[in-house]
Amino acid sequence: MLKPQPVGDEKYAVFNVLRPESEIPFVNTDDIGKFVGVILSDPEKFHGEVLYAANGMYSFDTIVKTITKVFGKPVSYKQIPENTFKEQIPAPIAEEITEMFQFFDKYNLYGPETKEKAEWGMQQVPEKLSTLEEFFQRNPLGL
């Protein structure tokens with residue numbers, strides 16, 4: 001689903017139903033506390049507001065390029081049909097996971113203004129947020 005799969009000749013691919021250029025917000029769980037800390041440090045500012053947590057907006061094209069750079073193994077992205085994608089996921093959750101990614105592809109995670117909401121959320125955090133490259137450096141994929 002998200003982890004690169006071997007496709008032969010020491011190459012890997014990530015398979016999903018999303019269009020390769022569709023950008024979705026990436027949230028590193030290591031940084032969640034930074035967003036919570038901002039809210040707790042100024043509760044009046046965030047009263048009634050939603051702080052959209054994101055470390056950045058990334059497409060699968062960008063994600064696989066970053067994985068290739070970090071691990072030194074060629075990784076590509078392959079958009080696959082809905083039915084093929086569902087076959088790769090455990091049956092009890094296949095429909096829901098597929099629909100979730102299709103929703104992201106059409107509406108994104110936070111709706112039509114996802115990019116602006118994510119950027120605003122990142123601007124509220126004074127601490128450095130992890131980059132995608134740093135995330136993969138700390139989380140080996142076993143390639």
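Reader: Which residue in β5 is the bridge partner of Asn-16?

Author: The model under discussion is predicted. Strand β2 covers residues 11-16 and is joined to β5 by five bridges, the two strands running parallel. Within β5, the bridge partner of Asn-16 is Gln-79.

Reader: Which are the edge strands of the open sheet of three strands?

Author: The open sheet has the order β1-β2-β5, with mixed pairing. From one strand to the next, the twist averages 40°. Two strands pair on one side only, and these edge strands are β1 (5-8) and β5 (75-79).

Reader: At what angle to β5 does helix α3 run?

Author: Helix α3 comprises residues 60-71 and lies across β2 and β5. Relative to β5, its angle is about 160°.

Reader: Within what arc do the buried residues of α6 fall, seen down the axis?

Author: In helix α6 (residues 114-123), the buried residues are Thr-114, Ala-118 and Gly-121. They line one face of the helix because, seen down its axis, they fall within an arc of 60°.

Reader: Is Lys-34 buried or exposed, and what is its relative accessible area?

Author: Lys-34 has its place in helix α1. Beyond neighbours within four places in sequence, Lys-34 is in contact with Val-125, Glu-127, Lys-128 and Leu-129. Its side chain reaches the backbone oxygen of Lys-128 at 2.5 Å. Because buried means under 20%, Lys-34 counts as buried, with a relative accessible area of 19%.

Notes:
Residues are numbered from 1 along each chain as its sequence is written. This is a predicted model: local features need pLDDT of at least 70, side-chain atom pairs count only at pLDDT 80 or more; totals for chains, interfaces and linings use all residues. Side-chain values use heavy atoms; hydrogens and water are left out. Buried means under 20% relative accessible area, exposed over 50%, partly exposed in between (1.4 Å probe, protein chains only). Helices (H or I, at least four residues) and strands (E, at least two) are DSSP runs, numbered from the N terminus. The arc is that of the directions from the helix axis to the C-beta atoms. Two strands pair if DSSP finds at least two bridges between them. Axes are lines fitted to C-alpha atoms, for helices over the stretch in contact, and angles run from 0 to 180 degrees between N-to-C directions. Contact means heavy atoms within 4.5 Å. A polar contact is a pair of N or O atoms within 3.5 Å; within protein, one must be able to donate a hydrogen and the other to accept it, and residues adjacent in sequence count only if both atoms are side-chain atoms.
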